[in-house]
Amino acid sequence: MSSKISLTRYLVEQQRSEGHIPSQLRLLLEVVARACKGISQAVNKGALGGVLGTAHSENVQGEVQKKLDIIANEVLIEANEWGGHLAAMASEEMDSIYVVPNRYPQGEYLLLFDPLDGSSNIDINGGIGTIFSVLKKPEASAEVEEKDFLQAGKQQVAAGYCIYGPQTTLVLTVGDGVAMFTLDREQGSFMLIEENVQIPRDTQEFAINMSNMRHWDAPVKRYIDECLQGKEGPRGKDFNMRWVAAMVADVHRILSRGGVFMYPWDRREPDKPGKLRLLYEANPMSWLIEQAGGAATNTRQRILDIEPGKLHERVSVVLGSKNEVERITRYHTAQ
Ligand code: AHG
Ligand code: MN
Ligand code: MN
């Protein structure tokens, strides 16, 4: 039954019956989904489309940009700038905010994105995705400025990601649970495959980059060490491990079958709070996880409560099955 519901119909029903989304937000989400279809096409062409490899440039975070990082960023901007629903955009791949040009009407929403998450997987045909977050421009501000984007994650009005894997699947929340839509390439539409996604509270699967173990803080070491002791250890059960090196794919697995994902602070770059970015990676993923009954912290506090200080702020991330996230957070706060 649910396979007959398109993203468009889902959004119309959210607007009509639940009152969750005004028409401008519905338009915005449709446009983001259309952009993701375009990115999915480019991803699928791979070497045949000349989209693999490096662009020989660096972003504001000092990371080497891949061609697809730049292509995905451009697709999202071109799709979104003219519709009248947005005031400005912010992206992992742009130093500062992109204000909608004067020739187009300005809307009341702000769109933030990681255009291509999991860049190291592009050239190996691995899982990658696009992560997005939507905020409302604060009423008071006339001209949109960077500080308008510095809102806690709990202020988000929509969040989601699109994963370009064996299937292209868009996962969305507008504050009414989590819904998943898979792209039907013959129809050209995202079709609903699951609603009210729920993450089990307990899990036997963790995701962390184990190669950083020697740089971790003691509570992280303790947690992973206890998992590794399996049935014979204090947890009394065996754990499995997964690490895709694309947050989008690790989060998708957790939404599908539970688990816990960690990218904590470590000693490699002690002055940075973590690797992942708060506004367009951690916040949208944390809201999706919470909406599916999971939890998300920076090892000490709820991620969605953090007041950001700057656009490209980084953060430690622990998210997924609630009881595990609470345990890891307890190990940190009880120190
Ligand atoms: P991006 O490709 O947008 O820079 O993000 C990559 C992130 C995240 O998706 C993933 O979990 C993590 O980096 C992987 O990092 P390591 O290569 O350090 O494992
Ligand atoms: Mn990313
Ligand atoms: Mn990225």
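Donors here are N, O and S atoms within 2.8 Å of the metal (3.2 Å for Na, K and Ca); water is not among the atoms, so sites may look incomplete. This is a predicted model, in which local features need pLDDT of at least 70 and side-chain atom pairs count only at pLDDT 80 or more. Residues are numbered from 1 along each chain as its sequence is written, and ligands are numbered from 1 in the order in which they are written.

**Stop 1: the metals.** Select the manganese ion (ligand 2). Asp 114 (OD), Asp 117 (OD) and Glu 281 (OE) coordinate it at 1.8 to 2.1 Å. Along the chain, these donors follow the spacing D-x2-D-x163-E. Asp 114 sits in strand E5 (residues 109-117) and Glu 281 in helix H6 (residues 278-291), 167 residues apart. Helices (H or I, at least four residues) and strands (E, at least two) are DSSP runs, numbered from the N terminus.

**Stop 2: helix H5.** Select residues 247-257. Of the 11 residues of H5, 9 are buried, so the helix is largely enclosed by the rest of the structure. Among the buried ones are Met 247, Asp 250, His 252 and Arg 253. Step on to Gly 258, which follows H5 and has a positive phi near 90 degrees.

**Stop 3: a helix pair.** Select H2 (residues 23-45) and H3 (residues 67-80). Their axes come within 9 Å and cross at roughly 150 degrees. Axes are lines fitted to C-alpha atoms, for helices over the stretch in contact (heavy atoms within 4.5 Å), and angles run from 0 to 180 degrees between N-to-C directions. H2 and H3 are therefore roughly antiparallel (over 145 degrees).

Note on methods:
Heavy atoms only, no water. Parallel < 35°, antiparallel > 145°, perpendicular 65-115°, else oblique. Buried < 20%, exposed > 50% of the residue type's maximum accessible area, 1.4 Å probe, protein only.
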